[in-house]
Amino acid sequence: MRIDGVRRVAVAVAALGTFLPVLAACGTPGGGDGEREPAGRAGQSRPGGQDPTRIPDVGDRLQRRIPADSRQVVAVYGNGEDSADSTVVLYTRRGNTWRVAGSWPAHNGKRGWTTDHRSGDRRSPVGVFTLTDAGGVLEDPGARLPYTRDPSFAAPRWWAESHWHDFDYVIAIDYNRVRGTPPNDPRRPEGEVKGGSIWLHMDHGSGTSGCVGMAKSDMEFLLRTLDPDRHPVVVMGDRAHLEA
């Protein structure tokens, strides 16, 4: 929560320091997406539903998991269960009505989506997750979420060059992580097998290890817009699982 309208900026805890390596990045303890070169971008966003009080194309099961006090929802619409292409749509709520605040092409896990994510499966987890923390290699662009700038976010240079800037900006998706900590905090409350470090981060033009990749300008927009006072969440999955 912000005090007197002043945005909080998180700093790396001294106890963690440089022990927040990129090895905790994007889906698995062992690494990110460096072995694959870019593919084509996703298409345009899908048309919304008819009921303005609901997030379009999201069924009752996941709709009920959106907190009642949430006024910002980042919806990630996957093109298919085994597809790495998706569309991100930001919805904001005024009163009982959800409105589109932005829509962008994106990429999810290389192998698509799963309701039972495991470390190394190269699939993004389906579900509703809070968004509480951000960070990256680059200077804070004006984020409202607590932002940790740390060089330890940098992708290793043995990855493909197209992936070197993946973690210039990062928004942590609260899947199997400790909220209120930098996104690269390596702790896994539900165990290592369930994976972790599922992030919104910079796009490299192809699928990820489980994260969602977006263009730099789109990440900057989200960082400057997502507000902890509005309790932002992400609703993510392929079309079939979202509508179930």
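**Exercise 1. Find which side chain joins that of Tyr-169 in a polar contact of 3.2 Å, then place Tyr-169 in the chain.**

Step 1. Start with the side chains: Tyr-169 and Glu-220 are joined by a polar contact of 3.2 Å. A polar contact is a pair of N or O atoms within 3.5 Å; within protein, one must be able to donate a hydrogen and the other to accept it, and residues adjacent in sequence count only if both atoms are side-chain atoms.

Before going on, a word on the model: it is predicted, so local features need pLDDT of at least 70 and side-chain atom pairs count only at pLDDT 80 or more, while totals for chains, interfaces and linings use all residues. Residues are numbered from 1 along each chain as its sequence is written, and side-chain values use heavy atoms, with hydrogens and water left out.

Step 2. Strands (E, at least two residues) and helices (H or I, at least four) are DSSP runs, numbered from the N terminus.

Step 3. Check the cover: Tyr-169 has a relative accessible area of 5%, so it is buried. Buried means under 20% relative accessible area, exposed over 50%, and partly exposed in between (1.4 Å probe, protein chains only).

**Exercise 2. Is His-204 buried or exposed, and with which side chains does its own side chain make polar contacts?**

Step 1. Locate His-204 in the loop that runs between strand S10 (199-202) and strand S11 (212-214).

Step 2. Read its accessibility: His-204 counts as buried because its relative accessibility is 6%.

Step 3. List the partners. The side chain of Asp-166 is in polar contact with that of His-204 at 2.8 Å, and the side chain of His-163 makes a polar contact with it at 3.4 Å.
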